[in-house]
There are 2 protein chains.
Amino acid sequence: MKKTLHETIRTDMEAAILSGALAAGERLPTEADLMEQYGCSRMTVNKAISALVAASLVERRKKAGSFVARPKMHSMVLDIPDLEAEVLQRRQRYAFHLLSREIRLADPQKEYEQQLSGGEALLVLTGLHLADGQPLAFEERSVSLAAVPDMAQQGFELISPGAWLLKHVPWTEAETRIAAVNAAPEVARHLDQDVGTACLYIERRTWRGEAGVTWVRQHFIGKDYDLIAHFGPARSGGAI
Amino acid sequence: MKKTLHETIRTDMEAAILSGALAAGERLPTEADLMEQYGCSRMTVNKAISALVAASLVERRKKAGSFVARPKMHSMVLDIPDLEAEVLQRRQRYAFHLLSREIRLADPQKEYEQQLSGGEALLVLTGLHLADGQPLAFEERSVSLAAVPDMAQQGFELISPGAWLLKHVPWTEAETRIAAVNAAPEVARHLDQDVGTACLYIERRTWRGEAGVTWVRQHFIGKDYDLIAHFGPARSGGAI
DNA sequence: CATGATTTAATGTATAGACATAAAAATCGA
DNA sequence: TCGATTTTTATGTCTATACATTAAATCATG
C-alpha cells in the first residue's frame, strides 16, 4: 500500500501521539519544522495536521502552535446493528415475522406520534426479528406516510421494515436511546422469555431534514445481544 | 460569524444534501463547476468537498465525480457519560463511595486481567456512584499499575477512580460493551434494588498504545439511566 | 457483437508563494 | 512595576499551476 506524503506525515504524528512520545498537551513541531523535515511545502504539512484536527487528536492555536489534544471520552463511535447482516455473519438464518400492521392517525395523546405524523396517517407495525427461527428482538415501529408514502404498499414478508427504509429513504439524522428494561408480559411472550428478563431497549427516531421518518422501539434479549462502542484509531469490525 | 469560502461551499453543499435537493446517490457539481460558481481556485473547492468526504456525507470516484453518500447507520456517535458532570447537571449532589480496594496479581484464569496487567500487579476497586446519596451505579474496576503506578497512592474519597484516570492518564483507545442484565444479588444489594431488576451493564477497556490501562464494569439501574447516540449534523447536548 | 485498446474527464496530490489573523512575547512609557 | 503598544511568529486561507491517477466512455478490431 503506497502512502501519499501527507498521509505519511499524518500517520507519523499519529504514531508519535499514540505511542506516548508526544504526550497530551505537548506541542508538536511547527509546520515550518515539518516542512523542512519532510522536504515538502507547507500546504502538504497543513493538510496532514488538519486531518488530525478533524479526528480531534490535535488542537491548534494561532501563534502558539499545534498541540496534542486530551481525549474527551464524550464521543465514541457506536456500531449500530444491521440485524440481518449480523445474524448472517453468525451463520444463522435471518427472518422477519410481521405480527401486526395498521394505518391510523397519530394518537393526540402521544407527543412522538404527533411530531412524526406531520398531520397525516401513520403506518404502525409490530414484528419479530428471528435468528434460526428463534426470536432475537421484538420491534414496534411507526412510519410517517407523509415522508414515505410508498411504504403503505409493502408486505414485509421478505424484507424487514428497517431494511426497506434503509434502502429506500434518504434520512439525514437519527437519535438512539439505549436503556435496560425488565420484559413486560407481552414482550416476554413474543421473545419466548420469562417475564422480567432483562432486555436491551433501543429506541430510535429518524429524520429527513425537519420531517420525521420513523420511530422504532426494539427489545433485545439481554443475554443474547450487546452493543459495542469504540474510540480510537483501530476501527475494528462489527459486533457479534 | 464570518465564514471562510471553503466553509461556505461546504455548508451550501451540506444544506443541499440535507434538504433533499441533492438526493442520495446523486452527483454533485464537478470541482470545475463549483470553481466557476464561487469564483475560486480548485484547491478551495477540493478542501470543501474533502471535508464532506471526511464527514462521510459524500463519496468521490475518479473520473465519475462526487456523489451524495447513502447514510450507513453503522457509526453513530455515542455520548459516553462523565457521571459526575451528568449528576451535577441534574442538580443533584454527586459522590463516589469506595467499597473495596486491593492490590494483587492478575488471576491466571481471567484472560482480561492477564492482558491488562502486563505481568505486574493490578489495583482492583469496587465502589458506588451516588446521586443525592442514592446509588446510581455499581462499579468494579481493575487498573494496571504497570501503566499507572501513581494510582496506588490515591484514596478516592474526593474523586472517583474514573475521573482521576481521565485527568491523569493519556489513554488513546477505548472499547465499550453495552448490555442488559438482571441484577445479581450482590449488585442488587449495593444498588438497593430487587434481585433481577434490569440493569444497563457497561464494560469498558481502555488502552494507551498497546498497553492496557483499565478495565471497568458498571451496573446502572435500568429505569434511572440511559444512553443517547446520535447521527447527523445537529450535535445536541449530553444525555439526561 | 463482444472485447480489447485508447482517449478523456474527473479527482488526487503537490508546489511556491501571497496576504490575513491572532496571540504570545518583547518593548516602551508613565 | 505595571499597563499599553508594537513586534514577531505560527497558523489560516487562498491562488494558480502542474502533473498523476483512475475509471468511464469511446473507438477499433477480430
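Predicted model: local features only at pLDDT ≥ 70, side-chain atom pairs only at ≥ 80, totals over all residues.
Two salt bridges are counted between chain B and chain A, a salt bridge being a side-chain nitrogen of Lys or Arg within 4 Å of a carboxyl oxygen of Asp or Glu. In one of them, Arg177(A) pairs with Asp226(B), and the closest N and O atoms are 2.1 Å apart.

Residues are numbered from 1 along each chain as its sequence is written, chains are lettered from A and ligands numbered from 1 in the order in which they are written, and side-chain values use heavy atoms, with hydrogens and water left out.

Let me continue with the protein interface. Between chain B and chain A there are 14 residue pairs in polar contact, both residues at pLDDT 80 or more. A polar contact is a pair of N or O atoms within 3.5 Å; within protein, one must be able to donate a hydrogen and the other to accept it, and residues adjacent in sequence count only if both atoms are side-chain atoms. On the side of chain B that touches chain A, β8(B) provides the largest share, ten residues. Helices (H or I, at least four residues) and strands (E, at least two) are DSSP runs, numbered from the N terminus. That side of chain B divides into 27 nonpolar, 13 polar and eleven charged residues. Here Ala, Val, Leu, Ile, Met, Phe, Trp, Tyr, Cys and Pro count as nonpolar, Asp, Glu, Lys and Arg as charged, and the others, Gly among them, as polar.

The chains also pair through strands, for which DSSP must find at least two bridges. Strand β8 of chain A, residues 173-182, is joined to β11(B) by five bridges, and the two run antiparallel. Within this pairing, Ile178(A) has Leu227(B) as its bridge partner.

I turn now to the DNA. Around DNA strand C there are 25 residues, the closest being Leu5(A), Ser41(A), Thr44(A), Arg42(B) and Arg60(B); a residue is near the strand if one of its heavy atoms lies within 4 Å of it. An N or O atom in the side chain of Ser41(A) is 2.9 Å from a phosphate oxygen of DNA strand C. The surface near DNA strand C comprises four nonpolar, nine polar and twelve charged residues.
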